Amino acid sequence: MDTTQATTFRRIFQVIDGNRKAVGDGFQVTSPMPGPRIRQLSPFLLIDHIGPMAIAPSETPLGSPPHPHRGFETVTVMYQGVLAHRDTAGHQGNIGPGDVQWMTAGAGLMHEELYEKEFTRRGGTLEVVQLWVNMPRKDKMAPANYQDIPSTEIKTLPTADGKGTIRVIAGSYEGVTGPASTFSPLTMLDVHLPKGSEFTLKLPQDYNVGLYIVKGDVLLHGNRPAATKQLVVLGWNSEEAHLTATEDSIVLVLAGEPIEEPLATYGPFVMNTNKELVQAIADYERGAMGKFEDEE
Ligand code: MN
């Protein structure tokens, strides 16, 4: 990078390490958000990075057994392995490397995410990033929905130096529009940068911007390193940020207009008030978020 240029890049607010946790009976997760160092990167609420983990061949698929959600969307970005999903709104499917599943919990549903059967029999490596994306107050009780986005539907752009690849999952980037439909203006990019490549990211100045390093090592603005499983939170002083890949890297760009509304969260529910949380728990307990037929 030519460091003498006059461009001002977005200020680097934070470089955050993830906390390790277990989810369900089959996911080893690193999670940089939420956490004590960052309240939110609105509209993005949570990042769960599953693996990469070795799955030994088995007859029993593990994962995250049935659980409810209300008031937001879960976005599952697959890197390695295959997951099987089903929910009580009647959607089900398998997602593999490069695929994205964009699930709108809205008014509420139950869902289950397990290793896919054949993948479990064979064994292999599993690596997935799951995001929680908030919904505006006016849409929180929208009907549950499911966008199954196969890898082939995600358009790509080369980086300006021709070395890297930008996959546009949601929103628009350099005139290319991603397949996901969203409730608030946001841009989600899966950027693959081979070692030695450079990338100048340009997004609306008033967007919150987070860079999650799925894999590799990058140099921000030519001088600040960020490594695998770190989340970089950028400021609003400029439209641009600059990355140099010092190893083969994958960076998930999470950017969007902040939803300026109060947040009330409890476990799998994200609402605006405590009263709405109490209602969500009551609705869940009386079975209003659905039930799988084979459940007890
Ligand atoms: Mn879930």
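In this predicted model, contacts between residues 24 or more positions apart make up 72% of the contacts in the protein chain with a separation of 6 or more. The elements that the protein chain is built from are two helices and 26 strands. Its radius of gyration is 19 Å, close to the 19 Å that the globule rule gives for 296 residues, so the protein chain is as compact as a globular protein of that length. The C-alpha trace spans about 65 × 45 × 35 Å along its principal axes.

The next topic is the division between interior and surface. Of the 296 residues of the protein chain, 54% count as buried. The protein chain carries 25 positive and 36 negative charges. The mean position of the positive charges and that of the negative charges are 4 Å apart.

The model also holds a manganese ion, coordinated through the NE2 atoms of His67, His69 and His111 at 2.1 to 2.2 Å. Along the chain, these donors follow the spacing H-x1-H-x41-H. Why does the pair His67 and His111 tie together parts that are apart in sequence? His67 lies in strand β5, which covers residues 63-69, and His111 lies in strand β10, which covers residues 109-115, so the pair joins parts of the chain that are 44 residues apart in sequence.

Conventions:
Residues are numbered from 1 along each chain as its sequence is written. This is a predicted model: local features need pLDDT of at least 70, side-chain atom pairs count only at pLDDT 80 or more; totals for chains, interfaces and linings use all residues. Side-chain values use heavy atoms; hydrogens and water are left out. Donors are N, O and S atoms within 2.8 Å of the metal (3.2 Å for Na, K and Ca); water is not among the atoms, so sites may look incomplete. Helices (H or I, at least four residues) and strands (E, at least two) are DSSP runs, numbered from the N terminus. The radius of gyration is taken over C-alpha atoms; the globule rule is 2.2 Å times the number of residues to the power 0.38. Buried means under 20% relative accessible area, exposed over 50%, partly exposed in between (1.4 Å probe, protein chains only). Contact means heavy atoms within 4.5 Å. Lys and Arg count as positive and Asp and Glu as negative; His and the chain ends are not counted. The place of a charge is taken as NZ of Lys, CZ of Arg, CG of Asp or CD of Glu.
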